[in-house]
Amino acid sequence: MQRGLSLHKRTSIPRIFAEQVYIKKATKVFLFLTGREVFVAFFMREKGEDTGDLVMKADLELKQLIKTRWDKRARTYDLSPGHGIHSTVEKQAWLRLLKEALPDKKLNILDVGTGTGALSLMLAELGHQVMGLDLAENMLALARQKAARRQLAVRFQTGDAEDPSFESESLDAIVSRHLLWLLPNPEKALGNWKRLLKPGGVIVIIDGPGANHRRKVIQELWRYLAMPLVLITEFRDPRLQNKDIQPHLPMRQRNRPEAELKLLGDLGFRVDVTNVTLPRTYSAMNYLKYGYAGANKHQFVVRGVKPE
């Protein structure tokens with residue numbers, strides 16, 4: 001006689017635990033492959049869980065992953081093109097950029113996503129009162145060391161760039177360099193930044209074309225040939241390039257700086273954009289690793305002025 005399946009068949013505790021672990025792992029894989037919205041709509045809806053809560057949980061997991069990676073990257077971060085400032089020529093170019101982007105007076109400035117503090121320290125040298133904010137504590141530790149060596153009074157603190165914990169209308173300017181592409185919710189971030197600005201305050205966003213930039217064949221070949229050298233000297237795999245998280249970062253899917261101009265314009269800012277070319281200086285080793293990027297780096301500077 002064939003046995004039928006019993007609805008009351010007992011299942012062992014180890015088996016239940018194994019199945020739960022499998023489901024959690026499969027859920028995370030599906031989340032990364034399809035994105036947060038698809039995950040919420042098709043899987044979690046049936047459990048009666050709130051969609052907003054689930055998206056928030058996904059964002060927190062993504063931010064924790066980003067924090068972990070940038071903490072690990074802190075030690076060699078300044079070696080990469082465009083991160084550290086490696087010559088007087090390079091520094092003077094950045095100082096000119098900042099002077100032109102900001103009002104000509106002493107300002108209370110928040111540097112969001114400060115990293116190892118390059119922008120914050122130059123703003124302090126220009127006479128501004130500066131606060132540097134970042135999610136990665138290891139980055140901030142290096143920023144504090146730099147500030148102490150140069151005897152600059154910059155305050156660095158850990159915090160979420162999308163929701164900085166400052167009083168409304170307490171800042172004259174907010175600046176960010178190479179940050180907006182890494183935020184899961186750029187619209188939320190800019191909305192909160194606007195709230196923190198005084199009337200007439202300025203947002204300055206500095207970045208490059210990123211994922212939309214196409215290298216020449218010789219540059220791409222150079223990049224691949226340099227990868228083993230990066231792996232050996234920096235103990236990181238440059239092949240990864242955060243490809244697993246990029247589908248969940250909206251600004252990586254958009255044309256820039258058009259996306260920044262639209263976001264700020266929709267919030268009521270008066271906006272403009274300037275394209276700049278910044279010089280780069282390499283040591284011999286760094287030239288072998290990163291020279292494919294060229295002697296100059298094309299960046300855009302988006303300015304948004306909050307209405308009075």
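Trainee: How many bridges join strand β1 to β4, and do the two run parallel or antiparallel?

Mentor: Keeping in mind that this is a predicted model, strand β1, residues 108-112, is joined to β4 by four bridges, and the two strands run parallel. Within that pairing, Asp111 stands opposite Val175 of β4.

Trainee: And which residue in β5 does Val175 stand opposite?

Mentor: Val175 stands opposite Val204 in β5. The pairing of β4 with strand β5, residues 197-207, is also in the parallel sense, and it extends over six bridges.

Trainee: What sort of unit do β4, helix α7 and β5 make?

Mentor: Together with helix α7, which covers residues 186-196, the strands β4 and β5 form a β-α-β unit that is right-handed.

Trainee: Why is β4 described as largely enclosed by the rest of the structure?

Mentor: Strand β4 spans residues 171-177, and seven of its seven residues are buried, so the strand is largely enclosed by the rest of the structure. Buried here means a relative accessible area under 20%.

Trainee: Changing topic, where does Arg73 sit, and is it buried or exposed?

Mentor: Arg73 belongs to helix α3, which runs over residues 51-77, and with a relative accessible area of 17% it counts as buried, because the cut-off for that class is under 20%.

Trainee: Which residues is Arg73 in contact with, leaving aside its neighbours in sequence?

Mentor: If the neighbours within four places in sequence are left out, Arg73 is in contact with Ser80, His83, Glu234, Arg236 and Tyr290.

Trainee: What about the surface, which residues make the nonpolar patch there?

Mentor: Ile218, Leu221 and Leu225 make a nonpolar surface patch of about 330 Å². Leu221 lies in helix α8, residues 217-234, and is partly exposed, with a relative accessible area of 46%.

Trainee: And the chain as a whole, how many helices and strands does it have?

Mentor: The chain has 10 helices and seven strands, and of its 308 residues 44% count as buried.

Trainee: What percentage of the contacts comes from residues 24 or more positions apart?

Mentor: Taking the contacts in the chain with a separation of 6 or more, residues 24 or more positions apart account for 72% of them.

Terms used
Residues numbered from 1 in each chain as written. Predicted model: local features only at pLDDT ≥ 70, side-chain atom pairs only at ≥ 80, totals over all residues. Heavy atoms only, no water. Buried < 20%, exposed > 50% of the residue type's maximum accessible area, 1.4 Å probe, protein only. Pairing = 2+ DSSP bridges. Right-handed = clockwise from strand over helix to strand, strands pointing away. Contact = heavy atoms within 4.5 Å. Patch = residues over 30% accessible without salt bridge, like charges linked within 9 Å, V, L, I, M, F, W, Y side chains within 5 Å. Areas by Shrake-Rupley, 256 points an atom, 1.4 Å probe, with all protein chains shown as cover. Salt bridge = Lys/Arg side-chain N within 4 Å of Asp/Glu carboxyl O.
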